[in-house]
Amino acid sequence: MNRQIFALQRMVRRSISSSSRRQVENQVPQKQKLFQEDNGIPVHLKGGPADALLYRTTMVLTILGTGYVVYELVSAAFPKKKD
């Protein structure tokens with residue numbers, strides 16, 4: 001059992017230390033150029049459709065949460081009468 005664990009540890013250590021790293025292109029200048037453009041789009045939507053979807057989802061959840069809080073406050077303020 002211990003021999004299998006040690007073999008697994010050696011294999012993992014060897015694969016991590018010998019793996020070559022990919023060179024990743026620096027995309028910061030392109031992103032800076034995109035976000036600094038003056039094209040009338042708010043900065044929180046300049047990332048594209050994914051940003052628009054996240055923004056709309058956040059707004060819907062915020063409105064639903066606010067409505068639920070108001071509902072609970074009203075139901076707590078006017079409790080049901082017991083017969």
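Contact here means heavy atoms within 4.5 Å. The structure described is a predicted model.

**Overall make-up**

The protein chain has three helices and zero strands, and from the N terminus on its elements run α-α-α. Of its 83 residues, 2% count as buried. The accessible surface of the protein chain is about 8500 Å², and carbon and sulfur atoms account for 61% of that area.

Together with Leu-8 and Val-12, Met-11 forms a nonpolar patch on the surface. The accessible area of these three residues together is about 270 Å².

**The loop between α2 and α3**

Helix α2 spans residues 28-36 and helix α3 spans residues 49-77; Lys-46 lies in the loop between them. His-44 has its place in the loop between α2 and α3 as well.

Lys-46 is buried, yet it has no salt bridge. The nearest side chain of opposite charge is that of Glu-37, 6.1 Å away. The backbone of Glu-37 is another matter: its oxygen lies 2.4 Å from a polar atom of the Lys-46 side chain.

Leaving aside neighbours within four places in sequence, Lys-46 is in contact with Leu-34, Phe-35, Gln-36, Glu-37, Asn-39, Ile-41 and Asp-51.

His-44 counts as partly exposed because its relative accessibility is 41%. With neighbours within four places in sequence left aside, His-44 is in contact with Asp-51 and Tyr-55. Asp-51 is also among the contacts of Lys-46. His-44 and Leu-54 are ten residues apart in sequence.

| Pair | Distance |
|---|---|
| Lys-46 side-chain polar atom and Glu-37 backbone oxygen | 2.4 Å |
| His-44 and Leu-54, C-alpha to C-alpha | 9.7 Å |

Note on methods. Residues are numbered from 1 along each chain as its sequence is written. This is a predicted model: local features need pLDDT of at least 70, side-chain atom pairs count only at pLDDT 80 or more; totals for chains, interfaces and linings use all residues. Side-chain values use heavy atoms; hydrogens and water are left out. Helices (H or I, at least four residues) and strands (E, at least two) are DSSP runs, numbered from the N terminus. Buried means under 20% relative accessible area, exposed over 50%, partly exposed in between (1.4 Å probe, protein chains only). Lys and Arg count as positive and Asp and Glu as negative; His and the chain ends are not counted. A salt bridge is a side-chain nitrogen of Lys or Arg within 4 Å of a carboxyl oxygen of Asp or Glu. A polar contact is a pair of N or O atoms within 3.5 Å; within protein, one must be able to donate a hydrogen and the other to accept it, and residues adjacent in sequence count only if both atoms are side-chain atoms. Patches are made of residues with over 30% relative accessible area and no salt bridge: like charges are joined within 9 Å, nonpolar side chains (Val, Leu, Ile, Met, Phe, Trp, Tyr) within 5 Å. Accessible areas come from the Shrake-Rupley method with a 1.4 Å probe; for residues, only the protein chains shown count as cover.
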